[in-house]
Amino acid sequence: MTSILVTGGAGMVGLALADALQSHDIVMTDLVRGNIPKQVNFQRMDVTGGDPDAVIASLRPDVVVHLASIVTPPRGMSRNHAYAVDVTGTRNILDACVKYGVKRLVVTSSGAAYGYHPDNPIPLTEDAPCRGNPEFPYADHKRQVEEMLAIARQQHPTLEQVVLRIGTVLGVGTDNQITSLFQRKRLLAIQASDSPFVFIWTRDLAKIVQRAATDGPSGIYNVAGDGWMSIDDLAAALDKPILRLPAWALKAALAVAKPLGLSQYGPEQVRFLQYRPVLDNNRLKSVFGYTPELTSAEVFDLWRTEVDR
């Protein structure tokens with residue numbers, strides 16, 4: 001039996017993982033227990049401070065699965081706070097893993113680490129550079145985390161790493177910045193852009209993280225279902241019209257709306273819609289040994305069906 005410590009266990013992925021890892025010695029950690037099942041061991045951990053050192057020193061897990069991250073900051077959260085969780089928190093976890101002889105560290109990174117750039121190849125393989133845009137906190141933070149992990153692989157080769165660069169996660173009850181785009185009366189699109197999306201179902205992701213934490217090979221893997229969906233594909237699936245705007249017009253509108261408090265997003269959001277990273281999952285299937293049960297289109301259809309109920 002492998003002893004596994006999970007950070008960010010009260011989140012959507014952590015809750016799915018709790019069930020997948022029930023045959024192992026698992027401790028879920030987070031700021032609050034939330035909906036973590038009562039039969040699962042829980043310990044409070046704030047990754048931004050000294051808790052990782054104290055908890056990992058006490059429990060001495062074989063594996064640490066680091067899920068804690070700020071994907072969609074709530075209104076009012078500062079970038080410094082998000083940085084403290086995403087970057088400082090990962091540093092604290094990594095340092096404790098090295099200090100106390102953890103055998104394997106599994107980190108959920110993101111396709112956003114590649115950045116939103118017009119010259120990104122479609123699809124992106126794991127060999128593409130991580131160029132997360134400074135104007136997008138989440139992408140920028142994930143880029144910094146990836147750089148930190150790359151240095152650790154050179155300096156601490158005995159600590160195995162599994163880095164999962166994950167596409168858009170959809171599951172029952174998913175409600176975030178991405179799904180809000182799909183729930184509009186009309187889908188917003190940029191002229192001359194396909195705005196492609198890749199999706200992974202929460203159940204598939206839980207199984208992938210379970211394998212990463214147990215008997216899967218170390219390495220870096222893109223995580224997404226087969227294929228991708230353009231904005232036209234999404235509109236057809238939702239039976240909704242598309243509002244196509246020139247990039248310059250939307251940038252101008254957001255430049256006015258954000259200072260007035262009419263939008264939480266600024267002109268930089270246009271790039272987020274234009275140049276979404278499309279992830280190649282061949283290495284996940286051929287090297288890691290897991291083929292997602294659902295394609296990107298099937299994941300979206302399941303999510304849409306749940307929303308319509």
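**Packing, burial and backbone**

User: Which residues of helix 3 meet which residues of helix 4?

Analyst: From helix 3 come Arg79, Ala82, Tyr83, Asp86, Val87, Thr90, Arg91 and Leu94, and they meet Pro137, Asp140, His141, Gln144, Val145, Met148 and Ala152 of helix 4. Contact here means heavy atoms within 4.5 Å. The contact residues divide into 8 nonpolar, 3 polar and 4 charged (nonpolar: Ala, Val, Leu, Ile, Met, Phe, Trp, Tyr, Cys and Pro; charged: Asp, Glu, Lys and Arg; polar: the others, Gly among them). Helices are DSSP runs of H or I with at least four residues, strands are runs of E with at least two, and both are numbered from the N terminus. Keep in mind that this is a predicted model: local features need pLDDT of at least 70, side-chain atom pairs count only at pLDDT 80 or more, and totals for chains, interfaces and linings use all residues. Residues are numbered from 1 along each chain as its sequence is written, and side-chain values use heavy atoms, with hydrogens and water left out.

User: Why are helix 3 and helix 4 called roughly parallel?

Analyst: Helix 3 (residues 79–99) and helix 4 (residues 137–155) pack at an angle of about 15°, with their axes 10 Å apart. Angles under 35 degrees count as roughly parallel, over 145 as roughly antiparallel, 65 to 115 as roughly perpendicular and the rest as oblique. Helix 3 and helix 4 are therefore roughly parallel. The angles run from 0 to 180 degrees between N-to-C directions, and the axes are lines fitted to C-alpha atoms, for helices over the stretch in contact.

User: How do you know that the buried residues of helix 8 are on the same side?

Analyst: Helix 8 (residues 247–257) has Leu250, Leu254 and Ala257 buried. They cover an arc of only 65° around the axis, so they sit on the same side of helix 8. The arc is that of the directions from the helix axis to the C-beta atoms. The buried residues pack against strand 8 (187–190), strand 11 (242–245) and helix 9 (269–274). On the face turned away from the buried side, helix 8 carries the exposed residues Trp248 and Val256.

User: What puts the buried residues of helix 7 on the same side?

Analyst: In helix 7 (residues 231–238), the buried ones are Ile231, Leu234, Ala235 and Leu238. Their arc around the axis is only 100°, which puts them on the same side of helix 7. Just after helix 7 comes Asp239, with a positive phi of about 55°.

User: Why does Arg104 count as buried?

Analyst: Arg104 has 7% relative accessibility, so Arg104 counts as buried (buried is under 20% relative accessible area, exposed over 50%, partly exposed in between, with a 1.4 Å probe and protein chains only). Arg104 lies in strand 5 (residues 104–110). Leaving out residues up to four places away in sequence, Arg104 touches, among others, Asp62, Glu160, Arg211 and Thr214.

User: Why is Phe272 called buried?

Analyst: The relative accessible area of Phe272 is 6%, so Phe272 is buried. Phe272 is found in helix 9 and touches Tyr116, Phe136, Gln177, Ile178 and Leu181, not counting residues up to four places away in sequence.

User: Why is Arg60 called partly exposed, but Ala192 exposed?

Analyst: Arg60 has a relative accessible area of 48%, so Arg60 is partly exposed. Ala192 has 91% and is therefore exposed. Arg60 lies in the loop between helix 2 (51–59) and strand 4 (63–66), and Ala192 in the loop between strand 8 and strand 9 (199–201). Phi is positive in Arg60, near 50°, and in Ala192, near 70°.

User: How do you know that the peptide bond from Ile122 to Pro123 is cis?

Analyst: Omega is near 0° there. Pro123 is in the loop between strand 5 and helix 4. Most peptide bonds are trans.
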